[in-house]
Amino acid sequence: MNRSKDSHIQYEVAENESFRTHEEYLDEDYLQEPAEGMMTMGEHLEVLRRMLFRIAGVVLIIGVAIFYFKDETFDILLAPHTSDFITFRWVEQLMAMMGMNFVFESYNVSLISTELAAQFMTHISTSCYLAFLLSSPYILFELFRFVSPALYENEKRYSLIVVVVVYLLFALGLLMSYFVIFPISFQFLATYQVDSEINNTITLSSYISTFTTLTLMMGVVFQLPVVAFVLGKIGIVDSELLKHYRRHAIIVIAIIAAIITPTTDIFTLLLVTLPIYMLYELSIGVVKRVET
């Protein structure tokens with residue numbers, strides 16, 4: 001009996017020691033320091049905070065510089081609102097070289113401000129918009145540097161390529177809008193009259209709003225190859241499907257170009273349609289590359 005009782009007591013002691021050891025193990029597991037090279041949640045938040053402060057500082061500096069150089073900034077932004085804009089001159093020279101006598105109709109639309117603080121607020125909002133636009137390469141660099149430690153080497157390489165391509169295509173879209181889409185659209189809409197006695201005077205806020213909307217829209221449209229790459233990567237589309245619907249795509253692209261540039265001449269329509277169609281063909285090549 002005593003031997004049995006002693007064995008029972010020893011079993012309980014061993015069980016309690018085992019329980020305490022397991023409990024201590026759990027405490028150590030939850031309280032142990034992160035492995036070497038790993039960061040705690042607090043350290044991640046600190047890195048994020050510093051990154052956001054750096055981005056805010058760069059955006060603020062660029063915004064103040066743009067705000068200070070007001071004359072130079074608005075000389076560039078307001079240049080497309082007259083018939084002396086460089087794109088019109090280039091087109092006329094190109095047509096002359098081709099033996100065609102094509103001249104854009106001369107126009108000079110007046111811009112007005114109808115509210116007391118409209119010009120000042122437009123100056124501030126435009127400075128903020130351009131500051132984010134010009135600092136976007138640095139913002140993308142900071143974001144990539146923040147997430148890159150969590151990526152494998154091949155993921156880093158693909159991510160870097162995608163980020164660079166996205167930005168370059170976005171920049172091309174902005175240039176396309178500034179030099180082609182916006183001046184042609186503005187020339188048509190600002191000079192359109194239902195009656196010769198009604199003169200068009202465009203508000204500054206309407207001009208800037210249309211300018212920013214078109215530039216952003218073209219920046220998004222030029223992401224077509226990137227969208228095709230992603231869809232091809234996950235297997236939603238393939239190159240044969242895009243080739244099969246090429247004729248349908250041409251019609252859709254022409255409709256989009258006609259909406260963006262509501263002019264009556266075929267030359268302007270082709271001037272907008274061709275770059276977008278070239279992006280579609282580039283998308284076919286990108287998807288085909290993904291399939292190999």
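A: We begin with a definition: a salt bridge is a side-chain nitrogen of Lys or Arg within 4 Å of a carboxyl oxygen of Asp or Glu. Please bear in mind that this model is predicted.

Q: Which residue meets arginine 246 in a salt bridge?

A: The partner of arginine 246 is glutamate 281, with 2.7 Å from N to O. This pair links distant parts of the chain, since arginine 246 belongs to helix 10 and glutamate 281 to helix 11 (residues 266-291), 35 residues apart.

Q: How many salt bridges does a search of the whole structure find?

A: The search finds 7. One of them joins the side chains of arginine 49 and glutamate 46, at 2.5 Å from N to O. These two residues stand 3 residues apart in helix 2, so about one helical turn separates them. Through shared partners, salt bridges join Glu46, Arg49 and Arg50 into one network.

Q: Is arginine 49 buried, partly exposed or exposed?

A: Buried means under 20% relative accessible area and exposed means over 50%, with partly exposed in between. Arginine 49 has 40% relative accessibility and therefore counts as partly exposed. Aspartate 84, at 62%, counts as exposed.

Q: Which residues of helix 10 are buried?

A: They are Ala249, Ile253, Ala257 and Ile260. These residues cover an arc of only 75° around the axis, so they lie on the same side of helix 10. On the other side, Arg247, Ile251 and Ile259 are exposed.

Q: Which residues form a nonpolar patch on the surface?

A: Val47, Phe146 and Val147 form it, with about 200 Å² of accessible area together. Of these, valine 47 lies in helix 2 (residues 41-68).

How values were computed:
Residues are numbered from 1 along each chain as its sequence is written. This is a predicted model: local features need pLDDT of at least 70, side-chain atom pairs count only at pLDDT 80 or more; totals for chains, interfaces and linings use all residues. Side-chain values use heavy atoms; hydrogens and water are left out. Patches are made of residues with over 30% relative accessible area and no salt bridge: like charges are joined within 9 Å, nonpolar side chains (Val, Leu, Ile, Met, Phe, Trp, Tyr) within 5 Å. Accessible areas come from the Shrake-Rupley method with a 1.4 Å probe; for residues, only the protein chains shown count as cover. Helices (H or I, at least four residues) and strands (E, at least two) are DSSP runs, numbered from the N terminus. Buried means under 20% relative accessible area, exposed over 50%, partly exposed in between (1.4 Å probe, protein chains only). The arc is that of the directions from the helix axis to the C-beta atoms.
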